[in-house]
Amino acid sequence: MAATRMAGARWALRGILLVSLAATSCASGAPATTAVPAAAPTSEARTMVALVGQEPPTMASRALTTAGTSLRFQQRLPNALLAVIDDQGFAKPELLESLPALNTATWQIFPDGTMQTTYTLRPNLTWHDGQPLTPNDFIFSLRVYSSPDLGQANQAPIAQIADVAAIDAQRFTITWKRLYPDADNLSDIYREFPPLPQHLLGPAFDGIPIAGAESFVSHSYWTQDYVGVGPYRIERWQPGTRIDLVRFEGYALGAPKIGRIEMRFGQDANVAVAGLLSGAVHVAPSLDSGEVIREEWARTKAGWFMDTLSSFVYMSFQLRPEYANPSAPLDPRVRKAIAHVVDKQTLVDTINDGQAIVTETPVWTGSLWGPAVDSSIPVYLHDLRAAEGLMNQAGFSKGADRFYQGPDGRLAPLEVVSTAAPDKVQLSDVLGDWFKTAGLDTTRRTIPSAQSRDNEVRSVYPGVLVVSGNASGDVSLTNLGSATISGPNNRWVGSNRGGWSSAGYDRLLTAFNTTLDRGERVGQVRQMLRIINEEMPLVPLNFGLGKEAFVAEVKGPSTKIAPEANTAWNIHAWEFH
């Protein structure tokens, strides 16, 4: 059934392609006229149209809410950080003149295991509203993100920072409670330390004791009134439709070459394909079903694709007893049995048309931490006999109806939950069918689109949740720490929605985040992966391959991008040719 739906979508896209080509042929068949060619408009005068999949709930680079999907392209445009991660995954100064260097005056390690780093901002930096960017905005940022009321205090690097202090109008220091290996850039995804405009948010933050934290989280600054320091300034936000951005002349790395960007919202692949073929859309950072237009562009050279490692897809178990129903998956043997039921390559072939990479761990072998993946990490390949053996060990056997039962009778159905994204619905349907065939009764539930950003709804599922996360391995590892368990104490913001907690894993994660030597850190990642696959709080499925489409006249985007990087890392240098 999933394959039939995918085929139908491809024929619909091919129909759009034929219509677009027919229109082009008709236009080319019109009588020729003599005209003086007009001068091509410059990049400064043109508007680049980007069709993005989802309207962001906020444009902040470190959000106080969870988006439910990756919004990195959207959030890159109005923001700048101390450093920018380039297409190779390396940090380069952005707001800073230079990065702190270990064992120099800019990065000092003290005998008690604490550190101090010194940062020098580029001169004459301002916010989009013209107010100066100063060290005070980083001091204020720490106050905000370390507030227990806002759910970020236990996350890196906030939890590791003891103090931020201004030296003068351009320089500041950070005093660290313990070693922190990424202190030189503070710009890695989900571990950013961005400035916040005290002149705009200060009064609202100071009012939290009276008005409550929600009044600050819902402040209009985070959406329509957002002010950043990045390459593009928000001119107009039309909810549900688009965001208009104009280049910021005062951007730290120089004024962008393209004068305006129109960011349209839409998840319809047909609309994206039609827009790219007609030239009405120039960039589609998250294009689904791009194989048809890829064939056409291979012939015409009118555009090109960048394949990116866009997501880590996995199945997360509910491991909090107060929410888990049935309770059987609280036993790791049952979780391993369920992992054995899944035929990951078949999932990729039928649902992703082969455009994904099967994985047994949250770390891609080609990523920064890929060397940690080796044969010492247990894996659970598709094997129904092994699955039944583990279920028997856990005290469950198949009854006359071929479904598992325990001492208290037949197991209650395992609920398989997903968002309303079509690929996640298809994936969950297939998994549910496989579980039933293997003797595990299941039910299906789809979280409505209107609730897809409700962190509590996505955290209290009773069975398993089909999830897409960031493809950067160290982010996935961090998200499994106890500090990121979502709950009412952190406004359900944490990414560890299944509630898995392991003291041994947490110790390794703390060591990983406080070790400077890369070789030692690789070893720590390997040990964390062993614990994950021994306890199986999740079943890794695949790394999704994203299709980012660019028309040929847009020059400047990187042709390859590291999982740790942002496609738009150098958007200020993009231009029309």
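Reader: How many bridges join strand S9 to strand S10, and in which direction do the two run?
Author: In this predicted model, strand S9 covers residues 242–247. Within this pairing, leucine 245 has isoleucine 261 of S10 as its bridge partner. S9 and S10 are joined by 5 bridges, and their direction is antiparallel.

Reader: Which residue of S10 is the bridge partner of valine 52?
Author: S10, residues 260–265, is also joined to strand S1, here by 6 bridges, and these two strands run parallel. Leucine 51 stands opposite arginine 264 in S10. For valine 52, the bridge partner in S10 is phenylalanine 265.

Reader: How many residues of strand S1 are buried?
Author: Strand S1 spans residues 47–52 and is mostly covered. A residue counts as buried when its relative accessible area is under 20%. Of the 6 residues of S1, the number buried is 5.

Reader: What share of the contacts between residues at least 6 apart in sequence joins residues at least 24 apart?
Author: The secondary structure of the chain comes to 15 helices and 22 strands, and 53% of the 577 residues count as buried. Among the contacts between residues at least 6 apart in sequence, the share that joins residues at least 24 apart is 70%.

Reader: How far apart do the centres of the positive and negative side chains lie?
Author: The accessible surface of the chain is about 23,800 Å², and 52% of that belongs to carbon and sulfur atoms. As for charge, the chain has 49 positive and 57 negative side chains. The centres of these two sets lie apart by 3 Å.

Reader: Which residue does a cis peptide bond join to asparagine 325?
Author: Most peptide bonds are trans. Another cis bond has omega about 5 degrees, and the residue it joins to asparagine 325 is proline 326.

Reader: Is tryptophan 492 buried or exposed?
Author: Most residues other than glycine have a negative phi. Tryptophan 492 has a positive phi of about 60 degrees, and this residue lies in the loop between H13 and H14. Its relative accessibility is 10%, and because the limit for burial is under 20%, tryptophan 492 counts as buried.

Reader: What accessibility class does tyrosine 190 have?
Author: Tyrosine 190 also has a positive phi, near 65 degrees, and is placed in the loop between strand S7 and helix H4. Its relative accessibility is 40%.

Reader: How far in space is proline 488 from glutamine 393?
Author: Proline 488 lies in the loop between helix H13 (473–478) and helix H14 (503–512). At 66% relative accessibility, proline 488 counts as exposed. In sequence, proline 488 and glutamine 393 are 95 residues apart, and in space their C-alpha atoms are apart by 36 Å.

Methods
Residues numbered from 1 in each chain as written. Predicted model: local features only at pLDDT ≥ 70, side-chain atom pairs only at ≥ 80, totals over all residues. Heavy atoms only, no water. Helix = DSSP H or I, 4+ residues; strand = E, 2+ residues; numbered from the N terminus. Buried < 20%, exposed > 50% of the residue type's maximum accessible area, 1.4 Å probe, protein only. Contact = heavy atoms within 4.5 Å. Areas by Shrake-Rupley, 256 points an atom, 1.4 Å probe, with all protein chains shown as cover. Lys, Arg positive; Asp, Glu negative; His and termini not counted. Charge placed at Lys NZ, Arg CZ, Asp CG, Glu CD. Pairing = 2+ DSSP bridges.
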